[in-house]
Amino acid sequence: MVFFGFTCITILQRIWFLYDLIKNISQQAKKAKKNSGIDAKKQKEYNLQLKKKNEDEKRNNLVTKYGKETGTKLYKKQFFVGMTYEMLKEIKSRHDKKTSSVANGKETVKLYYGKKKNRLGNDSFKLEITLKDGKVTGWKDLTNVGTRSK
């Protein structure tokens, strides 16, 4: 039999050729996917090593700058009474609001962090840190302010 100038045998050969071609392409795609998984694992491992290296470097910089005990506290992002504004900037990069007042020759500064809008559209904050003469004297967690307890 002849279809459009092709015999049945040539049509079957072409179908078989296309089948083999598709099969090879799918096998290559599977291999590429498997290899990309290996590459992704290597990349993830490299990123973790780089992150650990950066963290170690940051910790060492803080320890050399402020001493072992204070540098370790700053690395762990722990607040403590008596820390300076410069140390506070190492932990918390930028405050959202700042208020200051002077009484009896001492300046009191309140820094607010974690700005968000409440349901009335007003600004509310998660954390307030109080400094007197450039040193931390206390802090408040403002997340549950204004909520009723039963």
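Which residues is histidine 95 in contact with, leaving aside its neighbours within four places in sequence? In this predicted model, the partners of histidine 95 are Tyr85, Leu111, Tyr112 and Tyr113. The protein comprises three helices and eight strands, and 17% of its 150 residues count as buried.

**Overall architecture**

- Read from the N terminus, the elements follow the order β-β-α-α-α-β-β-β-β-β-β.
- Of the contacts with a separation of 6 or more, 23% are made by residues 24 or more positions apart.
- The protein has an accessible surface of about 12,600 Å², and carbon and sulfur atoms account for 54% of this area.

**Nonpolar core**

- The largest nonpolar core has 15 residues, of which Leu74, Met83, Leu88, Ile129 and Leu131 touch the most other members.
- At least two residues of this core come from each of helix 1 (8-66), helix 3 (85-91), strand 4 (106-113) and strand 7 (127-132).
- Leucine 88 touches Phe79, Met83, Leu111, Tyr113, Ile129 and Leu131, when residues up to four places away in sequence are not counted.
- In soluble globular proteins, nonpolar side chains tend to be buried together.

**Histidine 95**

- Histidine 95 is placed in the loop between helix 3 and strand 3 (97-103).
- Histidine 95 counts as buried because its relative accessibility is 16%, below the 20% cut-off.

**Aromatic pairs**

- The structure contains two aromatic pairs.
- In the pair of phenylalanine 79 and tryptophan 139, the ring centres are 5.6 Å apart and the planes stand at 45°, so this pair is tilted.
- Phenylalanine 79 belongs to the loop between helix 2 (68-75) and helix 3, whereas tryptophan 139 belongs to strand 8 (residues 135-141); the pair therefore ties together parts that are 60 residues apart in sequence.
- Tryptophan 139 is partly exposed, as its relative accessible area is 38%.
- Tyrosine 112 and phenylalanine 125 form a tilted pair because their planes are at 40°, with ring centres 5.3 Å apart.
- This pair links distant parts of the chain, 13 residues apart: tyrosine 112 is in strand 4, and phenylalanine 125 is in the loop between strand 6 (123-124) and strand 7.
- Tyrosine 112 counts as buried at 13% relative accessibility, and phenylalanine 125 likewise counts as buried at 11%.

**Lysines over aromatic rings**

- Lysine 97 lies over the face of tyrosine 112, 5.5 Å from the ring centre; tyrosine 112 is also among the contacts of histidine 95.
- Lysine 73 lies over the face of phenylalanine 80, at 5.0 Å from the ring centre.

Key
Residues numbered from 1 in each chain as written. Predicted model: local features only at pLDDT ≥ 70, side-chain atom pairs only at ≥ 80, totals over all residues. Heavy atoms only, no water. Core = buried A, V, L, I, M, F, W, Y, C linked by side-chain atoms within 4.5 Å. Buried < 20%, exposed > 50% of the residue type's maximum accessible area, 1.4 Å probe, protein only. Helix = DSSP H or I, 4+ residues; strand = E, 2+ residues; numbered from the N terminus. Contact = heavy atoms within 4.5 Å. Areas by Shrake-Rupley, 256 points an atom, 1.4 Å probe, with all protein chains shown as cover. Phe/Tyr/Trp six-rings, centres within 6.5 Å; stacked < 30°, edge-to-face > 60°. Lys NZ or Arg CZ within 6 Å of the ring centre and 35° of its normal.
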